[in-house]
Structures are given as C-alpha cells and as structure tokens.
Amino acid sequence: MAMTMNGEVQLAAPREAVWAKLNDPEVLKACIPGCEELEKTEDNGFRAVAKMKVGPVSARFKGRVTLSDLDPPNGYKITGEGEGGVAGFAKGGATVALADKDGGTLLTYNVEAQIGGKLAQLGQRLINGSAKKLADEFFANFAKAVQG
C-alpha cells in the first residue's frame, strides 16, 4: 500500500537554526513520536527504533534512515525503512525544503511511503489518518524544539 502526504509549517526561527535542528539526532529523537533510539551512523544516516500503534496493530520498528541531496541550509531528502516483525514493514522518503518567510522559516515537506504486512490490511483511511497524526505530532514537537 502506497501513500503520499505533504504540508508546510511556519517556524519562528532563522533557516540556519532550523537546519541545525533538522540534523541533530537528539532533537529528532525527542520529536519523533514513539522514538526509543536514534543513533547517528557514519554515512549521513541514523539507526532508529520506534514503537508505533496504528489502529489495533502495535509494533516496534527497527530501521535505518539516510539523508541525501544535502543542500545546507535549504533542505534534504530523507529516506528510511523499518521492519516491524509480524506487523509488517514501512519504507519511504521525504523531501524537506526550507525558505525564509515572514521573519522565520517555512518548512515544506513531501512524503511518499509504502507499507506491507498486517499494517497494509488495516485500510487506507486508517493508515492515512494515523500517518497524518504522526506527522502533525512530529512538526508540533519540532516547532517547540526550534523555538526553544
């Protein structure tokens, strides 16, 4: 099952500060819902463990996240994949762009993801609703982190 999602969030901080936080494992770990571990690897990436619940299915996903097309402080592409045991798998990517706007920074994102296994059997509406909720939660947490 494939899904796409996009959006934007206005942050009250300069682009360089937003860029620094987008690349800080401690900040990302604190902002990602259900994230238990996020460790930087030597290749512009991270090893991650996150616990997620989508409808009746709960799983601990273990995976890798890689940053590419780095264009400081304007944006990057983030791709990742995770295994959640019997719950299934998730993989996908997002392009993140930063632009100066209204004395702060406008962050724009476009996400594409695929899921399989038990998760994919839950139905598109439940999956999309959960994904939107997770994205909203992440960006609300990230906005707080950026604004100190």
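**View 1. Contacts of F61 in the predicted model.** Leaving aside residues up to four places away in sequence, F61 touches A48, V49, A50, M52, G82, E83, G84, G88, F89, A90 and L119, as seen in this predicted model. F61 lies in strand β4, which spans residues 57-71, and its relative accessible area of 13% falls under the 20% limit that defines a buried residue. Between the C-alpha atoms of F61 and R15 the distance is 31 Å, while the two residues are 46 apart in sequence.

**View 2. Pairing of strands β4 and β5.** Strand β4 runs antiparallel to strand β5 (residues 75-83), and eight bridges join the two. Within this pairing, R64 has E81 of β5 as its bridge partner.

View 3. Seven strands form an open sheet in the order β1-β7-β6-β5-β4-β3-β2, with antiparallel pairing. Strands β1 (2-11) and β2 (35-41) each have a single partner strand and stand at the edges, so one side of each is left without a neighbour in the sheet. From one strand to the next, the twist averages 20°.

**View 4. Helices α1 and α3 on the sheet.** Helix α1 packs on the sheet through contacts with β1, β4, β5, β6 (89-101) and β7 (104-116), and its direction makes about 165° with that of β6. Helix α3 (residues 124-146) also packs on the sheet, where it touches β1, β3 (45-54) and β7, its direction making about 25° with that of β1.

**View 5. The buried face of helix α1.** In helix α1 (residues 15-22), the buried residues are R15, V18, W19 and L22. Viewed down the axis of α1, these buried residues fall within an arc of 100°, and they therefore line one face of the helix.

Terms used: Residues are numbered from 1 along each chain as its sequence is written. This is a predicted model: local features need pLDDT of at least 70, side-chain atom pairs count only at pLDDT 80 or more; totals for chains, interfaces and linings use all residues. Side-chain values use heavy atoms; hydrogens and water are left out. Buried means under 20% relative accessible area, exposed over 50%, partly exposed in between (1.4 Å probe, protein chains only). Helices (H or I, at least four residues) and strands (E, at least two) are DSSP runs, numbered from the N terminus. The arc is that of the directions from the helix axis to the C-beta atoms. Contact means heavy atoms within 4.5 Å. Two strands pair if DSSP finds at least two bridges between them. Axes are lines fitted to C-alpha atoms, for helices over the stretch in contact, and angles run from 0 to 180 degrees between N-to-C directions.
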